[in-house]
Protein chains: 2
Amino acid sequence: MMPEHVVLTEVGLRDGLQFEPRPLPTAKKLEAINLLIRAGVREIQVASFVNPKLVPQMADAEALCAGLPRKETVVFSGLVLNKKGLERALAGGLQEVEVSISASETHSRQNTGLSLQEAGQQARQMIASARRQNVRVKASIQCAFGCVSQGRIPEDLVLHMARDLIDSGAQTLSLADTTGMANPLAIKSLLESVHGQLPFVPVSLHLHDTRGLGLVNLYCGLEQGVSSFDTAFGGMGGCPFLPGAAGNIATEDTLNLLHGLHLSTGIRIDEIVNITTLMENFFQKRYPAKIRGTVS
Amino acid sequence: MMPEHVVLTEVGLRDGLQFEPRPLPTAKKLEAINLLIRAGVREIQVASFVNPKLVPQMADAEALCAGLPRKETVVFSGLVLNKKGLERALAGGLQEVEVSISASETHSRQNTGLSLQEAGQQARQMIASARRQNVRVKASIQCAFGCVSQGRIPEDLVLHMARDLIDSGAQTLSLADTTGMANPLAIKSLLESVHGQLPFVPVSLHLHDTRGLGLVNLYCGLEQGVSSFDTAFGGMGGCPFLPGAAGNIATEDTLNLLHGLHLSTGIRIDEIVNITTLMENFFQKRYPAKIRGTVS
């Protein structure tokens, strides 16, 4: 059941950087992107198109898009949460947008001011707009495995949202464990349901290591046949509701696991370690990744 | 195949404390032991009986044994690496000793000055001595999944050592991933071989999170039917060859995983979190455990 090849989408420049106290300069982001490409990464999320006043780390999204290298083998994507963001991402010429909504009513209202119903309606319209412009759409469901304020989210709700997003034209589906609430049983159960209801839809997992189960959950995803995951160099990122909590699963630690399982990724682990070192030098802190130069 | 109940052996007072720069006072150790018992822990490794000049953190092993509470439901054990250590542990009145040897020639010589052959011969004699005094023996094989200097260790060597230790009278076997080299394939392969060759011997795993795979490896152990693991509160400990590396798998993070899988342990996670907080306050540092008071 395990896949032979696994695709990692690097989200360090988006989900990682947005938790840092100061922006990484655009030139540094482009340097990291070029290093990621050299390391063999083929899917890179470069920014989220959100209000620059609220998330100044992402204020240079347009400038970044303008500076992206021309590489036909690499997919650059942007996260969009509303129509304004989608317009900006489309104007930036990205090949893929991730249209993201939350399965938690509380989280949705906190993050976007929209109810689940309003956010769902808006997402359908955004997906249709992007598809009309021939841009690939990944639909993602945040808090698919629970949220800090509401606990577990009913699986039926997530299934209903997934079907709705795919019916609206999204090509792939991402189930996001935004605050690290998932565990192996929840991963297995939701994936079996989603695969059962939407058998031809590629499903990826976006996992956080908030409670230390990030790689265990990834392993269970592999056992369910998932071959696509979001990761962030260094394990950058965090959780807006848990100060000091661990962030995304680390790209280099994930590679160490995948390569240990003899699954191919095309990505060089040592070059990812170097990117983490660059980030640590810039932000003057140590990120959670365990794999280091001396350890890999 | 997964067990319904899992036994955790708390090794924070041994494998955790031995990496700290200064000793924890005996009274504080006893306080932690009483808190562990209150939390529901039933197997506690209280010390290693090594040269107090080399490992001053363990110099109070005798005093600690003398102060242990009388609890018939709790097994206190000590780690022993040589005959002198065994004598001290037996004199201390412990119910169980862990006789430990390394599967790595280099690691064995660095740690004890003995070749594998010499260490094996000594271990056989130690096991016989302990058994003559009706003390339970757990035999453990360090570096069973590889070592930093030699890389992978041949599985046949580990199997041969395991059989030898069990034939000498050890009741249980512990496979230790001393420097965090294991991965799911290695766990599965070695456990299948050991279970095949020694089907009636209870096997436990001692896992380190050096490369971030501690809980993934534990999960794979569960999938192979293993129901006994060593853990340390806070994820204390380290790796003598990798400064700054992560230590043992954290008791609280392990409990979070096990309870999420609906496996019983009898241990209260919040009380373990409190013990980690005590240690963090004493040593003025933060340990790697992800589960915190606000997260559990």
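Predicted model: local features only at pLDDT ≥ 70, side-chain atom pairs only at ≥ 80, totals over all residues.
**View 1. The symmetry axis relating chain A and chain B.**
Within chain A, A:Val216 has the C-alpha nearest the axis, at 2.4 Å. Both copies use the same surface: 100% of the contact residues of chain A recur in chain B.

**View 2. The area buried between chain A and chain B.**
Chain A brings 26 residues to the contact, and chain B brings 26 residues. The buried area is about 2100 Å². Carbon and sulfur atoms give 67% of this area. Three residues, A:Leu185, A:Arg211 and A:Lys290, supply 25% of the area that chain A buries against chain B.

**View 3. A salt bridge between B:Lys290 and A:Asp209.**
The side chains of B:Lys290 and A:Asp209 meet at 2.8 Å, N to O. Across the interface of chain A and chain B there are 2 salt bridges. The interface also has 4 residue pairs in polar contact, both residues at pLDDT 80 or more.

**View 4. Helices on the side of chain A that touches chain B.**
Helix H8 (184-197), helix H9 (214-223) and helix H10 (251-260) of chain A each give two or more residues to this side. H9(A) gives the most, with 5 residues. By class, this side of chain A has 13 nonpolar, 8 polar and 5 charged residues.

Note on methods:
Residues numbered from 1 in each chain as written. Chains lettered and ligands numbered in written order. Heavy atoms only, no water. Least-squares fit on C-alpha atoms with pLDDT ≥ 70 in both. Contact = heavy atoms within 4.5 Å. Buried area = accessible area lost by both parts, 1.4 Å probe. Salt bridge = Lys/Arg side-chain N within 4 Å of Asp/Glu carboxyl O. Polar contact = N/O pair within 3.5 Å; in protein donor to acceptor, adjacent residues only side chain to side chain. Helix = DSSP H or I, 4+ residues; strand = E, 2+ residues; numbered from the N terminus. Nonpolar A, V, L, I, M, F, W, Y, C, P; charged D, E, K, R; others polar.
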